[in-house]
Amino acid sequence: MYVAGLAWNHFHREIVMCNQDFVGVLPVSPMHSHKLGFYSLFAYADRLARTSATETLFGINLHGKLGEPRMLPVLQNRVGLLGISPTFWWLDSVMTQDVIQEVVQTLFDQGLIKKERRQIMRCACGNVEYVSGVVLRGTRKTLLKGEIAACCNSPVTSSDEEALVTAPLPSLTLPETHPSWAASEMRAELDRLEGVQLLISRKTRRIVTVRLEGRSWWLDNDFLWWPYLWKAYQEEAPIRHLVTGASVVRQTCLLLAFSRLIGIPGPHSVHCLPKVHFKSVWGLETPEQLVERFDVSRVQNALIWAALSGRKEFTLQETTISCMNPYIPIDIPLLQSRRMLHV
Ligand SMILES: [Zn+2]
């Protein structure tokens with residue numbers, strides 16, 4: 001059942017019919033839809049759901065620079081071509097100005113979002129913006145060369161001003177996390193996030209604004225997908241198993257910590273899959289070409305095989321696809337505990 005592009009209330013009407021636990025894919029951008037390896041996330045989630053008799057919810061980012069809404073039909077067609085049939089698509093475009101306003105106002109009224117004075121560090125164009133003293137990690141780090149912002153080649157300067165921040169993030173029990181490297185990295189990241197107040201307002205233009213106590217604020221674009229687990233839970237599609245990627249460990253932890261802050265039960269398990277590259281020797285590139293050459297069962301199994309490698313990156317080759325048994329689907333519980341799948 002595809003729900004692409006439908007408004008949230010439609011999604012709600014459809015989804016309450018299911019009354020099931022869900023395997024959720026952390027929202028991803030369709031800009032990667034030309035890469036075969038990208039589909040390992042969906043193939044894995046689909047197989048996990050079939051194994052555990054749960055439904056699937058595939059999250060998609062359409063907002064922002066990386067959104068590429070034009071690529072959505074390509075992605076959806078290819079997911080179908082690969083024999084994967086999600087129960088629902090969750091498009092972050094359902095997080096409209098009105099929905100976000102309601103979300104932020106609710107959290108503000110509950111004291112989970114606060115207006116406080118902070119020393120804010122910012123570059124001239126406003127792309128780089130953070131609370132003074134926070135430790136920058138991952139992609140944010142690459143935005144700065146020393147004190148100079150790469151975006152506009154300007155120094156970041158400090159200013160004392162009112163900002164919207166979250167309440168301090170709580171401590172969190174790590175869900176059952178696979179593979180083991182992801183469990184230790186996520187544990188360390190969650191420890192770093194404990195007590196941190198996330199800056200959610202921005203000085204310069206972003207995608208949405210909110211009004212609080214008569215004043216308008218731009219919101220950090222990440223806030224558009226942080227309510228992913230919350231909204232799914234609210235709409236009776238609780239995500240019990242979260243499928244995510246090795247390159248977004250920090251974002252996954254932010255999502256879990258934010259969800260915990262607002263009182264949403266976290267997933268029972270998190271599956272952190274490798275970034276899967278595909279190396280063609282025979283000139284086959286697209287999922288269409290590969291399915292035609294090897295058939296859908298082999299390609300699906302190869303994608304799941306790569307996902308189960310336990311690595312951060314994995315390179316799939318045509319020879320691996322050709323060696324797959326097309327008659328026996330790879331069983332995810334062989335590597336995970338069955339207890340986890342039936343909670
Ligand atoms: Zn800048």
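This is a walk through a predicted model, stop by stop, with something to select at each one.

**Before you start.** Count residues from 1 along each chain as its sequence is written. Since this is a prediction, local features need pLDDT of at least 70 and side-chain atom pairs count only at pLDDT 80 or more, while totals for chains, interfaces and linings use all residues.

**Colour by confidence.** pLDDT is the predictor's confidence in each residue, from 0 to 100. The protein chain averages 87, with 88% of its residues at 70 or more. Now select residues 1–17: pLDDT stays under 50 there, and the model gives this stretch 27 contacts beyond four places in sequence (a contact means C-beta atoms, placed from the backbone, within 7 Å). Residues 334–343 are also below 50, with 13 contacts beyond near neighbours in sequence.

**The six-stranded sheet.** Elements here are DSSP runs numbered from the N terminus: helices are H or I with at least four residues, strands are E with at least two. Two strands pair if DSSP finds at least two bridges between them. Show the open sheet β3-β2-β1-β14-β15-β10, whose pairing is parallel. Its edges are β3 (88–91) and β10 (176–178), each pairing on one side only. From one strand to the next, the twist averages 20°. Then zoom in on β1 (residues 22–28) and β14 (residues 239–245), a parallel pair with four bridges. Phe-22 sits opposite Ile-239 in β14.

Which peptide bond is cis around His-178 and Pro-179? The one from His-178 to Pro-179, with omega near -5°. Pro-179 belongs to the loop between β10 and α6 (180–193). Most peptide bonds are trans.

**Two crossing helices.** Select α2 (residues 40–52) and α10 (residues 296–307). They pack at about 95° with axes 8 Å apart; axes are lines fitted to C-alpha atoms, for helices over the stretch in contact, and angles run from 0 to 180 degrees between N-to-C directions. That makes α2 and α10 roughly perpendicular, the word for 65 to 115 degrees (under 35 is roughly parallel, over 145 roughly antiparallel, the rest oblique). Show side chains: Ser-40, Ala-43, Tyr-44 and Arg-47 of α2 meet Gln-300, Leu-303, Ile-304, Ala-306 and Ala-307 of α10. By class, this contact has six nonpolar, two polar and one charged residues (Ala, Val, Leu, Ile, Met, Phe, Trp, Tyr, Cys and Pro are nonpolar; Asp, Glu, Lys and Arg charged; the others, Gly among them, polar).

Click on Ala-53, in the loop between α2 and β2 (55–60). Ala-53 is no glycine, yet its phi is positive, about 55°. Is Ala-53 buried or exposed? Exposed, because it has 10 C-beta neighbours inside 10 Å; the cut-offs are 20 or more other C-beta atoms within 10 Å for buried, 12 or fewer for exposed and in between for partly exposed, with C-beta atoms placed from the backbone.

**A hairpin.** Next, β12 (residues 209–212) and β13 (residues 215–219), antiparallel and joined by four bridges. Leu-212 has Arg-215 in β13 as its bridge partner. Two residues lie between the strands, and Glu-213 in the turn has a positive phi of about 50°. Glu-213 counts as exposed, with 6 C-beta neighbours inside 10 Å.

**Last stop: a three-stranded sheet.** Select β6-β7-β8, an open sheet with antiparallel pairing. β6 (144–145) and β8 (154–155) each have a single partner strand, so one side of each lacks a neighbour in the sheet. β7 (residues 148–149) pairs with β8 over two bridges, and Ala-149 has Ser-154 in β8 as its bridge partner.

Note on methods
Two residues are in contact if their C-beta atoms, placed from the backbone, lie within 7 Å.
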